[in-house]
Amino acid sequence: MLFESVVGQQRAKQQLLQMWSESRLPHALLVLGNAGHGGLPIVLAFVQYLFCKNKQAHDACGTCDECNRIAKLEHPDVHISFPSIPPKPNTKAMSMHFMKEFREFIKQHPYGSTFEWLQHIQAENKQGNITAEECRQIIETLHLKSYEGKQKVQIIWRPEYLGKEGNILLKLIEEPPANTYIFLVAEQTEMILPTILSRTQTVKLSPIDVADIAVALTNNLSIDSHKASQIAQTCNGSYAEALSLAQHSQNNLFPEVKRFFNMVFTNNRLEISKFVEQWSKAGREEQKFFLQYIIQLLGQAIRLSYLPSQNAALPPEDATLVQKLIAKKMPNEILYEMVEQLAATSYNIERNAHGKTQLHAMCIKVALLANGLKLPQWN
Ligand SMILES: [Zn+2]
């Protein structure tokens with residue numbers, strides 16, 4: 001993978017390249033970021049950069065022999081460990097049993113989550129693990145000479161899955177063999193042994209910038225720029241989430257969002273019934289995306305009412321709609337209450353609640369709020 005293919009994360013890329021160019025790269029580095037922010041892609045791009053024979057200032061060449069082998073995860077001096085399951089009863093979970101599947105998975109879903117990975121190998125209800133056996137193998141491998149006489153790299157994807165077995169790796173992480181780099185790609189530090197954390201330097205990833213996600217979506221999926229921008233605004237800085245939204249939502253939802261606001265502000269019950277009837281037939285993911293999109297616009301209206309000078313970088317149609325919401329001068333508590341109603345509906349739909357009932361109740365409540373009426377108290 002090239003840095004160029006890693007979505008956004010300019011600051012982290014710069015930080016890594018600088019560590020390298022200033023000979024400050026630590027022997028154990030923790031790359032920390034939420035799922036979908038690109039921890040594994042950025043580490044794979046950086047490892048490729050380390051090995052590339054024709055590296056440029058900001059990226060690997062992508063064509064040399066080293067680049068090719070690392071891109072396929074087939075370099076003999078680049079090792080990778082990840083959560084896995086016992087391949088058969090009475091065996092131990094080890095990454096080496098799943099390398100073929102892992103290569104396939106990363107090729108198709110470089111931003112895939114650990115959950116998706118474990119589904120890919122049909123872990124079903126089995127818990128993925130990085131086992132004591134795996135840790136011992138890591139130590140053994142890294143103490144062997146490198147195949148090609150240069151550096152050796154060990155990537156550990158999701159050290160959270162080491163649990164207390166991480167203790168086995170402490171000495172290795174503290175004092176790895178010469179010319180060895182260990183990269184830990186993590187999402188939550190709370191689940192990693194403090195003794196490991198204290199022995200690593202950390203590069204933190206931020207949510208990916210909206211503009212970077214929009215550009216990546218238009219380039220990689222050839223969807224139109226307005227749609228890309230809607231998704232980018234809604235996906236919480238996660239490229240994985242953006243891809244999932246793009247996959248589940250083919251249409252430009254803006255006309256429907258406008259329709260929603262018109263019907264709730266006019267409290268048009270007939271239109272609400274029609275709307276709910278149509279939307280209850282949409283897929284769950286599309287329903288959730290639609291709700292998230294509205295939540296995000298309400299959120300913009302709340303923010304801009306506090307900080308009117310802040311530029312939200314919205315597409316023009318969305319910006320106009322947000323301005324219209326602000327012009328209604330509704331108290332922010334009402335906007336917050338609307339957001340809460342929409343978020344609760346999205347949450348319930350995700351948990352298989354009956355979509356039609358949920359949407360209907362939500363539309364009526366938001367319509368009451370929009371018209372300054374009190375919500376009925378049921379209890
Ligand atoms: Zn290269």
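Which residues are the protein donors of the zinc ion? They are Cys52, Cys61, Cys64 and Cys67, each through SG, lying 2.3 to 2.4 Å from the metal. Donors here are N, O and S atoms within 2.8 Å of the metal (3.2 Å for Na, K and Ca), and water is not among the atoms, so sites may look incomplete.

This is a predicted model, in which local features need pLDDT of at least 70 and side-chain atom pairs count only at pLDDT 80 or more, while totals for chains, interfaces and linings use all residues. Residues are numbered from 1 along each chain as its sequence is written, and side-chain values use heavy atoms, with hydrogens and water left out.

**Zinc site**

The donor spacing in sequence is C-x8-C-x2-C-x2-C. The four donor atoms subtend angles of 102 to 117° around the zinc ion, so the arrangement is tetrahedral. That term requires four donors with all angles between 85 and 135 degrees. Buried means under 20% relative accessible area (1.4 Å probe, protein chains only).

**Overall build**

The C-alpha atoms fill a box of roughly 75 × 50 × 35 Å along the principal axes. Of the 379 residues, 50% count as buried. Secondary structure comes to 17 helices and five strands. These are DSSP runs: helices are H or I of at least four residues, strands are E of at least two, numbered from the N terminus.

An automatic or database assignment sets the domain bounds. Domain 1 spans 3-204 and domain 2 spans 253-370. Their centres, taken over C-alpha atoms, are 41 Å apart.

**Cores**

A nonpolar core is a set of buried Ala, Val, Leu, Ile, Met, Phe, Trp, Tyr and Cys residues joined through side-chain atoms within 4.5 Å. The largest has 104 residues, and Ile155, Phe260 and Phe261 have the most contacts inside it. Helix α14 (residues 284-306) gives this core its largest share, eleven residues. Domain 1 and domain 2 each supply at least three residues. A second, separate core of 19 residues includes Leu162, Ile182, Leu184 and Ile192.

Contact means heavy atoms within 4.5 Å. Leaving out residues up to four places away in sequence, Phe260 touches Phe275, Phe290, Ile294, Leu342, Met362, Cys363 and Val366.

**Strand β2**

Strand β2 (residues 78-81) is covered on both faces. Val78 and Ile80 are buried on one side, His79 and Ser81 on the other. Four bridges join β2 to β3 (residues 152-157), and the two run parallel. Strands pair if DSSP finds at least two bridges between them. Val153 in β3 is the bridge partner of Val78.

Terms used
Tetrahedral: all angles 85-135°; square planar, octahedral: opposite > 155°, others 65-115°.
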